[in-house]
Every structure is written in structure tokens, then in C-alpha cells.
Amino acid sequence: MAPKKSKGLLGLIGKKKSKKSDSGARKDLRLFEAMRAGESFGDKELQRSAKDHLWMHFTRHSPYQTKDMTIITRAEGHYLWDSKGNKVIDGLSGLFAVNAGHGHQELADAAAKQMMELDFMPLWAYAHPRAIELAERLLSYAPKDLNRIFFTTGGGEAVETAWKIAKQYYKLKGKPTKTKVISRMTAYHGTSHGALSITGIAAMKAMFEPLVPSTIRVPNTNWYRSKHLFKSEEEFALWAANRIEEAILMEGPDTVAAFYVEPIQNSGGCFTAHPSYFKRVREICDKYDVVFVADETITGYGRSGEMFACERYGIEPDMMITAKAITSGTQPLGALFLKEKYFEPFTEGTTIFPHGYTFAAHPVACAVALANLDIYDREKLVDNVRTNSPIFRKTLEKLYDIPIVGDVRGDGYFFAIELVKNQETRETFTKEESEKLLRGFLNSAFYEAGLYCRADDRGDPVVQLAPPLTIGPKEFDELEQILRKVLTEAWKRV
Ligand SMILES: Cc1ncc(COP(=O)(O)O)c(C=O)c1O
């Protein structure tokens, strides 16, 4: 694309090229025609075509009747550029994915090389070297006892896959009624019907009911909103873990297949948990023969300060879901890690797991993942997070002098700032106030001030930060300055 002012295209605009679709609506293909004719085009043409043709994910389209979309055209390091020439800090690593930073030549080279060696083979009955190499390499970083990998193309597919494996495993083991999944309130685990059933965000599910039956929600570990009720965080953690046992007993242990948890829950704003929580979860899952699934779609690959958050918090899962940063977001890939015991029944007789995805373990994605892990090792990205995370936290905690900042929480390079009406009482905003604050002001104000991040109210209102793992104290200060400016202005509007 050439983000230059279009001359040639202006000619085409007069004689609008359009085609009739099946529904009878006219398709405006001026951008396509210009591209084919080698014409240059710019933001104006991209805006028009995007508004005419794109259906954006999780996006309100009504504002685009009157205002422009943000169209990101280029990325390098921890910066993004848009079609209007603005440069912003990528404070969310794309979508919790670009952990090694943008624009690595060696990832592009690995993709190109693989394209010419073996451009595509699915992992259906035939294997290929990059998938084999990657599985072994990934397992070298994995928590103990996880020694097999099922590849997918993303996190939600791995969430689905883990549930289906658990269900079939128990059928093969003579426990066919063990099918249900327990997960946590406000947790996000993906959007396909199974993964959405496990997701704990009611507003995201209502339109798609009936979903896959047999999922149950238990409390998450929102310590900020619970601390007045408990003597210590550990006591709260044990209380929360015991709710899982209660749910298993209520449903009947013979009916429960799995418990899903993010080591740091994203939705609701970076809910960490006292290590006793995960220890107790392990005990409960052992006691009732329930698969303990750690969803590390976001926390995996260094985000927490260890390669996997399971290692950081001493979590011993039966299955572990990873995706996103496995390729630093540059290729779609997910990897579900499992204990061998879940694979064993599938090695007998004619048994198969009738499940798979055309593009899972795509050779190009696997080659890029291997190159991405080389970058991790060489640039010591995980060490960088471990060393600098306390400085990141301290820098963000300076914001407590702005009355709207209620809580700064998280770990590694993954933090949330909860916004409140009153720091003392922790009073939160009504839905209407939150709507006005987040969508009426904050998201665009952050961007205009030079920061791509996310203000979110799937739980209480929070600002979410997950920058590339390459940054350090200098960039933390830059982030803090932008946050300070925007949150100070936000407080004036409360
Ligand atoms: C914890 C968790 N699980 C699953 C998913 C779904 O992943 P994907 O969008 O790759 O399907 C996400 C996405 O952000 C996630 O954060």
C-alpha cells in the first residue's frame, strides 16, 4: 500500500465501479480496481472501503457513520503507525501477542524459507519436521509432567480441544458422565460455542443461548473487591478455591470433567491469586478426578516474568493452553500441552480423537514460532520482564495520586488500573457512567495522547496494559506520563 495522496484514483471515483451481489446490493470495488491498476491510494480511500466492507470484531460500527476508523498501517519495535501518520506506543502488544516486539526480519526470513521448503501440510495423519521440532522445543520450557502437545490455530480452539479431550478421555476410562466444566466469573476463554460456554461474561453469552450445556461458574480471585471480608489474601484464596469443591459436590463429582483458570485473569483486570489458591485447586482436582486446565493464552511466553505463569506461581496443571505470543503474534498458532496420561487411552486399538483444524501446526507458523523462541533466548526477554516488572509496577503506582485510580494490580508486564469514583470507599461507576467514561472518552483519549491500550468494563472499569517484553524503565515513564495526562483529565469529567 502506498499511503500517498491519490491522484489516479480520483479519476476512478467519478466513474464508480460496482458489481451486483447476490442480495442485489451494489459492491463498491474502487479500491480493488485502483490496486489492480497500480494507482496509489490513501487514508480517504481506505476509510471508505473499510466502512463499506469490513465487519470488525467486538466493534460498535455505529460511530463510523460519522467518524473515521483507526487503520493501523505499520509497526516496528513497540510502536504502531496509522493511516493518518500518527505514531503510538503499542501498550497491548497487539492483543497480548507481540511479546518480542514488531518487525523482526528473522521471523519474516523463517516464514519465507519455510514457504519454499514445505509451504503446507496439515497434521492429519502425516507429520512434518517443524511441528515435531516445535513440540519438543516447547516441552523443554513446560511445567513438569506436561509432555505432549496438540496444536491449534489459537487460544479458543485450544480451550475447545481441552474440553473435548477431557470428555472423550473419561468415556474411554469408563466414566462417561464426566462432562461438565467449572470456570470462573468474568473469565474470557474464547468465542466459539464451547469456549463461550466456559467464558464467564454473561453479556457476551446472552445472544447465543442456548450454548453448550454443563458449564458452571465459581468466584474469581478479585482481592481488591474482597479484602474487606477476609483477614488475609491467603484466607480469601482458600475460600475461593473451596468454592470449586463446593460446585463439584453440588453437581456430583461423577459429572465434572474439568476446571479452567487463567493464572492471571485478564477480564475484570489482572486478577492474580495467592499461590495457596492453585495448591488447593490441585488438591481438589486430584480428590475428585477433575482435569485442571491452566489457560495461559495471555500469560504464556514470558508475560508473567517466567516462560509460563504456571512456573511462576507453582501451578501444576494437567493441561495448559497457550497461543498468541507463541509466534509473537506474527502467525496464528496455539498449543495445548497435556500430561501423557490423557493421551494414553488414544493409543489403543482403533481409537482416535476425531478432532482437528486444517491450519493447526501450519509449517510456516511452526517455523516462525521456532525463530521467535530463538529471539526469546537471545534477547533474554523473560529475564527482562523478571528484572523490570517491579519497576513497571512502581511507576504505575505513582498514579495513585490521581483520585480516579483505585487499584494497580497484575504481574510481569501485565497490569490493570481499576478506575473508581472514590479511592477510600472503592465506589465504582454505574454502567452508564462507565460507558461515558470508557467509550465516550478514555479509549480515544489514550490513543490521541499516543498510547494504544484498552479501557474495558467487562468487570469493573479498568485500563489494561500489556506492552512488548522488550521495553524498560524509560518506556514505563513514557507510559506513566500519558496515563497521568489522560486519567487526570478523566477525573475532571467524573
Ligand atoms: C485466556 C484466553 N483464552 C482464550 C482466548 C481466545 O483466544 P483466541 O482469540 O486466539 O481464540 C483468549 C483471547 O484473548 C484469552 O485471553
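**Ligand site and selected positions**

Reader: How far does a polar side-chain atom of Lys324 lie from an oxygen atom of the ligand?
Author: This is a predicted model, where local features need pLDDT of at least 70, side-chain atom pairs count only at pLDDT 80 or more, and totals for chains, interfaces and linings use all residues. Residues are numbered from 1 along each chain as its sequence is written, and side-chain values use heavy atoms, with hydrogens and water left out. A polar contact is a pair of N or O atoms within 3.5 Å; within protein, one must be able to donate a hydrogen and the other to accept it, and residues adjacent in sequence count only if both atoms are side-chain atoms. From the polar side-chain atom of Lys324 to the ligand oxygen, the distance is 3.1 Å.

Reader: How much of the ligand's accessible area does the protein cover?
Author: Accessible areas come from the Shrake-Rupley method with a 1.4 Å probe; for residues, only the protein chains shown count as cover. On its own, the ligand has 390 Å² of accessible area. The protein covers 79%.

Reader: Which residue has a side-chain N or O atom 2.7 Å from a nitrogen atom of the ligand?
Author: A polar backbone atom of Gly155 sits 2.8 Å from a ligand oxygen. The 2.7 Å pair involves a ligand nitrogen and the side chain of Asp295.

Reader: Where in H14 does the kink lie?
Author: Helices (H or I, at least four residues) are DSSP runs, numbered from the N terminus. H14 covers residues 381-397. The bend at a residue is the angle between axes fitted to the seven residues ending there and the seven starting there. The kink is about 45°, shortly before Pro390, at Asn388.

Reader: Is Ser197 buried or exposed?
Author: Ser197 is in helix H8 (residues 193-198). A polar atom of its side chain lies 2.9 Å from the backbone nitrogen of Val212. Buried means under 20% relative accessible area, exposed over 50%, partly exposed in between (1.4 Å probe, protein chains only). At a relative accessible area of 1%, Ser197 is buried.

Reader: What is the relative accessible area of Met121?
Author: Met121 is in the loop between helix H5 (105-117) and helix H6 (129-141). Met121 is partly exposed, with a relative accessible area of 30%.

Methods
Helices (H or I, at least four residues) and strands (E, at least two) are DSSP runs, numbered from the N terminus. The expected span of a helix is 1.5 Å times one less than its number of residues.
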